[in-house]
Amino acid sequence: IMNNYHLYTYFRSTTAWRVNITLNLKKIRPTIVPVNILKEEHINADLKQMNPNGNVPILTLPDGSALL
């Protein structure tokens with residue numbers, strides 16, 4: 001079990017669910033970081049630095065890089 005992964009997600013995002021399912025199949029248990037799109041949390045400066053498009057999901061890896 002690896003806990004150095006973080007999955008920034010919105011609970012209604014089907015893309016985020018697919019990413020989470022894939023990670024679970026690989027036995028990777030990311031820390032879930034909820035992002036409320038309705039409150040526009042996805043466009044704050046920290047998330048925009050990881051993903052300039054302002055989309056979720058975002059998966060951060062142990063080395064600090066992000067996959068969109």
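**Close-up views of a predicted model**

**View 1. The largest nonpolar core.** Six residues make up the largest nonpolar core, namely Tyr8, Tyr10, Val35, Leu47, Val56 and Ile58, where a nonpolar core is a set of buried Ala, Val, Leu, Ile, Met, Phe, Trp, Tyr and Cys residues joined through side-chain atoms within 4.5 Å. Another core, of 5 residues, lies apart from it and includes Tyr5, Leu7, Ile28 and Leu59. The model is predicted, with local features needing pLDDT of at least 70 and side-chain atom pairs counting only at pLDDT 80 or more, while totals for chains, interfaces and linings use all residues. Residues are numbered from 1 along each chain as its sequence is written, and side-chain values use heavy atoms, with hydrogens and water left out.

**View 2. The aromatic pair.** The structure holds 1 aromatic pair, in which the rings of Tyr10 and Phe11 are tilted, at 5.0 Å centre to centre and 55° between the planes. Rings of Phe, Tyr and Trp (its six-membered ring) pair if their centres lie within 6.5 Å, and planes under 30 degrees apart count as stacked, over 60 as edge-to-face and the rest as tilted. Tyr10 is buried, with a relative accessible area of 10%, whereas Phe11 is exposed, with 62%; buried means under 20% relative accessible area, exposed over 50% and partly exposed in between (1.4 Å probe, protein chains only).

**View 3. Leu25 in its helix.** Leu25 has its place in helix 1, residues 14-25, helices being DSSP runs (H or I) of at least four residues, numbered from the N terminus. Leu25 counts as exposed because its relative accessibility is 68%.

How values were computed: Helices (H or I, at least four residues) and strands (E, at least two) are DSSP runs, numbered from the N terminus.
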